[in-house]
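Reader: Please take one part of this model and go through it closely, then connect it to the rest of the chain. State each cut-off once, where the term comes in.

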Amino acid sequence: MAAKYPKIGIRPTIDGRRRGVRESLEVQTMGMAERVAQFLQQNLKYPDGSPVECVIADSTIGGVKEAANARDKFAGANVGVSITVTPCWCYGSETMDMDATIPHAVWGFNGTERPGAVYLAAVLSAYAQKGIPAFGIYGEDVQESDSELIPDDVQSKLLQFARSALAVAIMKGQSYLSLGSVSMGIAGSIVNEQFFQDYLGMRNEYVDMSEFVRRMEEGIYDKQEFERALAWVKENCAEGADNNPAHLQISREQKDSQWETVVKMTLIARDLMVGNPELDKLGFAEEANGHNAIAAGFQGQRHWTDHFPNGDFMETILNSSFDWNGRRAPYLLATENDSLNGVTMLFNYLLTNTAQIFADVRTYWSPSAVERVTGHKLEGEAAGGILHLINSGSAALDGTGEQTIDGQPAIKPFWEITDEEAKSCLEKTEFRPASQEYFRGGGFSTDYLTKGGMPVTMARLNLVKGLGPVLQLVEGYTVDLPEDVHHTLDQRTDPTWPTTWFAPKLTDKGSFKSVYDVMNNWGANHGAISYGHIGADLLTLASILRIPVSMHNVEEERIFRPRVWSLFGTEDLESADYRACQNFGPLY
């Protein structure tokens, strides 16, 4: 499977002067390339868990002919990311990679024997002049010329660039699949094709929700897998209490029928996204292909949910890292076809390889309001107040926080999750009969409480007329509340839905003076929540895509953008980011 993923191309550039200069540098220069390739392959994985693959140019690159040779090799090897390394002076515009459609970084070795830093500055100047933003990597400390170490600060920048650049390369050529259309007038579900094509290099696919009905009625799904899935659901998915008033509750027989429907919906949505060779065996060759979708969104409300069981179970299971087939990569499916939150989930996922929580950014609870309603005084990370993140009925099971890293709650890539952790996620979840007032067709909403103590990042992409896409992000922590306090606050909204209590990190500046300011400046009703403080990676990714970031609480020393960004200003980095993105325009 890894063969389809883009590779990282490593370009060792060298001083082209023969008769002693170039010859003395060959081993050192190629050694840098080999060590960078080994380092990246050992520390980065593709979404399927396989190691990232690197391709090294066949020779060092001392001039334009060798640069062209490397270009040709990379073109045939599916290289989507370019990293140039050198310990010495090289001929900048002759040795640089000129492909403007892929991300570029250059590591210039910090040594005194040869001017690697001079080449780094020269080639980055050439990149800026030619309108191809490139990242500059330069170690803080001088190294000996024979050193084979990659310094820690260089390692950090290599990983930050490579993670983000690979995310860009993996998205390119993939699809976003709309299952239905606009949900309840939500702006994010008004899919903007120009954004997907110009900024992400993706295409858009569309399927009417009636396709679910057709496939269920005509049996266009794997019957054997359905039976296995239904048995797994009955064994592992606990049905919670029915919160509906007595006159809106349905019979046991109707609930059993709805369970069958939502399981079929899950199979069908996955097959629509990525295809299923089993359908070809059933005589449905066209349907077996799927839509090459790396992400999708389900409209649901209201055209579907007024008549059929809602998509909560489907969205929960597909977004999770395991199902009746065991542990596997999540299938990203946005609630209410909010394509902009779906894209944000995709950004987070490709940076971390972990399942994402889709949530409404529903309520700001100030410390005084919590104390007034519950008598409880918020403390610790939550002392400044909390945000109630609660989606209307679905969220990845990984969001329970029942997985652990070093004994602490976490969300992990699927290949690191144990059977016990997957089981615990299920045991902490109830599937509650859906609120008939919201969902007249019924269904089952996912109900769990996220464990506190997890470092998380919430992000959201927005579109602004005349400006284009803008990213927002906030790092913070999930929070534990006393059980009675959670119950009191949770009962004030729909208690059948999944809850995450979130405390942003505050900085006493701008949008992060208070938790209220975070809520008040958030650009939409949804957010995508990822495990870990990944704000710096999101800033790097956004800069590659030329998407400005309007609010973030990432420390300045962690920010890594193309070197040319500094030519747009070094004092007000947010303004410089806007100017740079506007100047260079969308990547594609």
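Author: The model is predicted, with local features needing pLDDT of at least 70 and side-chain atom pairs counted only at pLDDT 80 or more, while totals for chains, interfaces and linings use all residues. Residues are numbered from 1 along each chain as its sequence is written, and side-chain values rest on heavy atoms, with hydrogens and water left out.

Asp406 sits in the loop between strand 15 (403-405) and strand 16 (408-410). Helices (H or I, at least four residues) and strands (E, at least two) are DSSP runs, numbered from the N terminus. The phi of Asp406 is positive, about 55°, although the residue is not a glycine. As background, most residues other than glycine have a negative phi, and most peptide bonds are trans. For the peptide bond, the exception is the step from Gln301 to Arg302, which is cis with omega near -5°. Arg302 belongs to the loop between strand 9 (293-298) and helix 12 (312-319).

An unreviewed UniProt entry lists Glu336, Asp360 and His526 under "binding site". They are spread over 191 residues of sequence, yet they cluster in space, with a largest C-alpha distance of 11.1 Å. Of this set, Glu336 is part of the lining of the second largest cavity. UniProt positions are given in the numbering used here, feature names are shortened, and annotations may be inferred rather than shown by experiment. A cavity is a set of points, on a 1 Å grid over the protein atoms alone, where a 1.4 Å probe fits but cannot get out; lining residues have an atom within 4 Å of a point.

Glu336 is located in the loop between strand 12 (332-335) and helix 13 (339-352). With a relative accessible area of 5%, Glu336 is buried. Contact here means heavy atoms within 4.5 Å. Not counting residues up to four places away in sequence, Glu336 touches several residues, including Ser183, Phe298, Gln301 and His526.

His526 lies in strand 22 (residues 526-531) and is buried, at a relative accessible area of 0%. Leaving aside neighbours within four places in sequence, the contacts of His526 include Ile186, Glu336, Asp360 and Arg460. The side chains of His526 and Glu336 also make a polar contact of 3.1 Å. A polar contact is a pair of N or O atoms within 3.5 Å; within protein, one must be able to donate a hydrogen and the other to accept it, and residues adjacent in sequence count only if both atoms are side-chain atoms.

Strand 21 (residues 499-504) is another part of the chain to inspect. Six of the six residues of strand 21 are buried, so the strand is largely enclosed by the rest of the structure. In a regular strand the side chains alternate between the two faces of the sheet. Strand 21 is covered on both faces: Thr499, Trp501 and Ala503 are buried on one side, and Thr500, Phe502 and Pro504 are buried on the other. Two strands pair if DSSP finds at least two bridges between them. Strand 14 (residues 386-390) runs antiparallel to strand 21 and is joined to it by four bridges, with Phe502 as the bridge partner of Leu387. Strand 20 (residues 468-478) pairs with strand 21 in the antiparallel sense over three bridges, and there Ala503 is the bridge partner of Tyr477.

A parallel arrangement occurs elsewhere: five strands form an open sheet in the order 2-1-3-4-5. Strand 2 (54-56) and strand 5 (134-137) are at the edges with a single partner strand each, so one side of each is left without a neighbour in the sheet. From one strand to the next the twist averages 25°. Helix 4 (residues 116-129) packs on the sheet, touching strand 3, strand 4 and strand 5, and its direction makes about 160° with that of strand 4. Axes are lines fitted to C-alpha atoms, for helices over the stretch in contact, and angles run from 0 to 180 degrees between N-to-C directions.

Ser50 lies in the loop between helix 1 (21-43) and strand 2. At 16% relative accessibility, Ser50 counts as buried. The side chains of Ser50 and Asp48 are joined by a polar contact of 2.6 Å. Ser50 and Trp415 are 365 residues apart along the chain, with their C-alpha atoms separated by 9.8 Å.

Notes: 1 Å grid on protein atoms, 1.4 Å probe; cavity = no way out; pocket = protein on both sides within 12 Å on 5 of 7 lines; lining within 4 Å. Buried < 20%, exposed > 50% of the residue type's maximum accessible area, 1.4 Å probe, protein only.
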